[in-house]
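Hi,

Here is the structure I promised to pass on. Have a look first, and my notes follow below.

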Amino acid sequence: MSKPDFEPKIIVFACNWCSYAAMDLAGTSRTQYPHNVRIVRVMCSSRVTPEMVLTALAEGADAVLITGCHPGDCHYLVGNYKTLARYMLLKKVLDDLGLGDRVKLEWFSAGEGERFAQYVRSFVEEVKKGALSPKSSTPEEGGSR
Amino acid sequence: MSPQTKVKVAFYWNASCGGCEEAVVDLGEDLFKVLEVVDIVFWPVALDFKLEDVEKLPDGGIDVAIINGGIRFSEHEKVVKLLRKKSKIVVAYGSCAHLGGIPGLANLWSKASIMDYVYLKAPSVVNESNVLPKEVVQTEVGELELPAFLDALKPLNQVIDVDYYVPGCPPTPNVTFKAIQTLLSGKLLPKGVILGADTRALCDTCPLNETKPEKLAIKEFRRPHTFIPDPKKCLLAQGLLCLGPVTRGGCEAACVKANMPCTGCFGPLDNVVDFGARALSFIASIIDQKDEEGIKKALGPVVDLVGQVYKFSLPSGLLKDLVKRKEV
Amino acid sequence: METPSEQPRIGVYICHCGTNIAGVINVDELTKFASGLPNVVIAKNYQFMCSKPGQEMIVEDIKQHKLNRVVVAACSPRMHEPTFRRLLQSAGLNPYLLEMVNIREHCTWVHEHEPDKALEKAKALIAAAVIRASRLEVLEEKELPVVKSALVIGGGIAGLFAALTLANSGVKVYLVESSPTIGGKMAMLDKTFPTLDCSKCILTPIMNDVANHPNIELLTYAEVVDVQGSVGDFKIKVLLKPRYVDPTKCKACGECAKKCPASAPNEFDIGLSKRKAIYITFPQAVPTVYTIDPNVCLYFTKRDRMGRPLCGVCQKVCPAQAIDYNMQPKTVEINVGAVIIATGFETFDPRLKKEYKYGVSPRIITSLEFERILCATGPTGGKVLCPPDWKEVPKRVVFIQCVGSRDLTVDVPYCSKVCCMYTAKQAILYKERVPDGEAYVIYIDVRAAGKGFEEFYRRAVEEFNVTYIKSRVGEVVIDPETNKPIVRVEDALTGYMMELEADLVVLAVGLRPSPSTLKIAELFKVSRSPDGFLQELHAKLYPVQTAVDGVFICGCAQGPKDIPDSVAQAKAAASAALEILAQGFVKTIGYVASVDKDLCSGCGICVSVCPYDAIAIKVENGKRVASVEDVKCKGCGSCAAACPSGAMQQKHFKDSQLIPVVKTLARM
């Protein structure tokens with residue numbers, strides 16, 4: 001049974017142009033959000049691979065959030081469409097393996113600092129709840145840490 | 001050549017369909033060449049040596065142990081550990097020993113639910129007394145031990161130290177022969193090397209590679225049984241889920257030459273940690289759709305994505321610790 | 001430039017940022033933690049790392065401790081990465097050996113209420129950065145020289161102004177135009193709205209400026225046929241079609257045309273008049289040289305039984321001996337640093353709108369045809385007369401708007417922007433010349449957004465009594481007795497149905513991308529918007545750039561627009577081209593894609609993914625392998641993510657540089 005003071009670790013992939021800027025904006029606006037997210041910067045969300053996401057989960061992260069520019073706004077024109085396709089394929093596999101709720105994809109424009117903070121707050125809650133629910137598996141069954 | 005100077009080889013099969021044993025036999029005439037320099041000291045499927053014979057050998061007394069099949073039972077674990085002790089070199093032969101193989105897909109379900117289905121719930125089963133296999137059974141003649149069904153199927157290197165791998169389901173005669181030649185050459189090889197196969201992906205040696213269009217753009221994938229593919233055009237370009245780009249070459253595109261897309265039995269390339277994840281990325285990359293609906297449509301015909309991309313490799317790679325075991 | 005293979009020696013610098021960071025987390029503890037990390041030689045903290053003393057401290061340490069990697073934990077890299085990269089350069093280190101850690105915007109500023117957790121997080125972020133720093137490599141930003149010349153494709157008003165602007169800035173310009181003269185559609189117009197300036201009068205001085213400009217090489221009757229290379233160094237093949245008239249000798253006296261026995265419909269008058277097989281598009285054509293149309297000319301089309309040509313009249317009568325029937329097409333190769341595409345538009349073909357019966361009755365014409373009738377140099381010398389006999393003065397002209405615009409039945413959803421204005425202009429010009437005539441404009445909306453446009457439209461209504469009826473015209477029928485077109489109208493404002501019998505129906509046809517625009521787009525790999533015109537890089541901020549570096553677009557090739565907007569865009573495109581040409585060099589970025597050719601199987605997945613066509617499969621040593629053109633690569637990394645064998649990596653963002661970061665952040 002997971003402890004009540006369980007603090008999930010969420011890895012966030014952010015693209016240099018939109019979503020990382022949104023996260024910076026949350027910072028400059030002093031919007032407070034939970035400490036549980038750790039941000040990895042890439043030039044485009046299309047650099048993110050399913051392998052990176054699975055590595056995060058296998059090495060101890062409880063959830064992964066992939067972020068990028070809104071469709072149509074990608075600095076590199078069409079990168080985020082590839083990100084979407086890769087995420088959807090990975091999600092299909094993860095759903096089948098009972099891990100679907102641990103990986104999410106969300107678009108943030110450079111001006112959506114508050115929205116990012118809000119998203120983090122609710123995602124952290126969701127992961128905490130998910131870990132505490134009776135359906136969650138214990139380490140003996142090979143589930144979440 | 002006297003028995004003393006011949007290379008001592010042991011073969012063993014774990015959870016195996018027997019195809020890898022056949023693959024050795026499939027060497028055909030080349031088998032005789034091999035037998036000239038090799039002395040088989042253990043081969044349960046073909047020769048009458050017992051485990052005690054192996055136990056009697058000195059440590060390192062076997063030069064090469066060629067082991068196929070995945071570790072499914074406690075018996076497998078026991079024997080491979082023994083063979084490791086007694087062998088100088090251990091080779092994981094075939095997809096099951098290398099990556100876990102097709103039986104590795106059983107790791108998607110919990111042990112309890114597998115037992116439940118196979119012995120109680122499967123449509124063709126009649127088991128009124130609900131008998132399930134037990135590890136220890138009392139009979140009139142005494143206590144009978146059965147090997148335990150392990151929680152998860154494992155590839156060989158998760159149980160013992162493996163020196164080299166020969167990939168394939170099964171490895172082709174050419175790959176097998178090349179691997180044996182390399183082993184017998186006495187050449188010093190780095191640990192963990194894949195023998196007999198290529199260092200590049202299958203596309204490199206596939207006869208259809210040149211027929212690829214400049215850009216691959218798939219609007220919707222297709223299932224192999226729904227049409228007859230043009231044998232002269234790249235199968236991936238025709239919408240089939242051919243895993244050639246992500247699979248190690250060496251099989252000379254055997255399946256593709258039979259007009260069937262590659263399913264990835266030779267496993268990943270050297271830099272790749274998780275075969276299925278790599279496959280997912282490249283498959284997604286050629287989908288020519290820009291929104292969720294379109295991508296769903298492209299994938300519509302793909303009925304069992306996990307089974308397709310992790311057909312041989314589920315127990316290896318990154319997912320092995322993450323899989324939440326389903327109840328059937 | 002190779003990354004030195006010596007052991008990484010990392011210096012970690014933690015900024016207090018005043019109290020922004022130090023006020024929330026204990027920077028001393030953080031520094032102590034950092035100094036214990038593998039490969040870290042020195043770890044320090046300071047109040048303001050970006051300040052002069054802060055920067056000097058880093059430079060000193062690099063020299064003193066022989067640091068070869070620097071980690072700066074401070075504000076966002078979007079803020080100061082360039083600052084610290086320049087710093088490394090000044091200290092003799094490659095700028096890509098810097099790693100910044102965002103412990104302000106992403107940590108202390110957002111976790112003020114959880115300082116303990118913030119410190120833990122900062123430790124994890126720095127540990128990850130140190131591992132990444134130890135794997136960073138020396139990267140090059142190559143400077144490639146730029147050829148200081150440009151190609152402008154299209155000799156209409158946009159192309160002319162683009163060429164002049166560049167030429168006036170000292171750039172050598174090649175102006176390629178596919179028809180025998182420059183001038184484009186503007187040369188076909190009578191007057192321009194809203195000033196009613198004579199179109200040719202304002203156009204011809206520009207044409208002459210172009211013809212006389214020492215920096216402009218005019219290649220008319222020519223087409224671009226091949227494009228190689230990339231920004232700064234395009235190698236372009238231009239096909240010069242044969243006029244069969246020597247431009248150095250022709251004086252444009254016109255004797256040849258007088259005697260020429262063969263004629264054909266005159267394209268400049270859209271078939272409303274005829275021209276000879278040897279012709280000049282209009283008298284003020286630039287260059288002022290005649291051209292022979294080999295499809296019509298009897299010398300080329302008719303031979304006797306012995307194979308001898310049946311005609312050679314023009315050659316006989318030409319006083320300058322300028323006729324050369326043996327002229328051959330010639331291909332020239334030009335080398336330019338930038339390209340501007342200004343290939344204009346064509347009008348919508350109203351035969352696609354069968355309900356309007358264009359082609360069924362000669363009294364139903366397009367706006368461009370009506371423009372030619374209005375023009376003093378047109379088929380009627382500017383008199384408003386009905387085709388095809390030119391005898392009758394039309395007393396009632398009905399203008400139908402939005403023919404081939406805002407119409408999903410012909411797959412054109414957009415508004416062509418100029419038709420409301422040019423129709424108002426044509427209605428005014430008609431009423432000026434036929435004061436007792438009736439002009440009706442059947443419209444859906446009147447779009448008069450430009451300077452003076454609304455006032456102009458009001459003039460049409462109030463001063464010239466043009467009747468505007470709001471309706472979608474369903475159909476034009478031909479009266480079987482009078483043979484006159486009847487326009488069926490349902491007035492949306494009154495609800496009345498009307499059948500307007502017209503002497504002349506003018507269809508206000510919309511603007512479509514020209515056929516040459518489509519061909520040129522393919523050659524340069526410029527994508528097209530959903531409406532078919534050329535796609536700009538960003539709808540708001542980069543209207544004249546394309547996704548292909550060094551290729552710019554302007555005028556109607558980019559989308560329907562009027563003359564002032566075309567001119568503005570032309571100058572904008574020239575200015576954008578000058579950004580490259582004036583600088584003299586282009587830089588590649590350091591973090592480009594790079595392929596391990598020993599691992600690459602030539603599967604081509606990367607090629608399918610690159611938005612910039614920067615990757616191609618080439619055969620090297622008998623093997624098909626991917627090859628990246630650094631100058632085209634913009635560093636998105638999509639190809640690296642797509643590569644199924646791990647052969648394609650993105651420099652500075654390799655799997656071996658990113659995965660350890662992910663692992664550290666997941667574990668700590």
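In which sense do strand E6 and strand E7 of chain C pair, and over how many bridges? E6 (residues 149-153) and E7 (residues 172-177) run parallel, paired over five bridges. Pairing here takes at least two DSSP bridges, and strands (E, at least two residues) and helices (H or I, at least four) are DSSP runs numbered from the N terminus. One such bridge joins C:Ala150 to C:Val173 in E7(C).

Some housekeeping: this is a predicted model, where local features need pLDDT of at least 70, side-chain atom pairs count only at pLDDT 80 or more, and totals for chains, interfaces and linings use all residues. Residues are numbered from 1 along each chain as its sequence is written, with chains lettered from A and ligands numbered from 1 in the order in which they are written.

Back to chain C: its open sheet of five strands has the order E10-E7-E6-E18-E29, with parallel pairing. E10 (216-220) and E29 (551-553) are at the edges with a single partner strand each, so one side of each has no neighbour in the sheet.

Then there's the contact with chain B: 16 residues of chain C touch 22 residues of chain B, counting residues whose C-beta atoms, placed from the backbone, lie within 7 Å. Helix H16 (605-609), strand E33 (623-628) and helix H17 (638-642) of chain C each give two or more residues to that side. H16(C) gives the most, with four residues.

Cheers

Definitions and conventions. Two residues are in contact if their C-beta atoms, placed from the backbone, lie within 7 Å.
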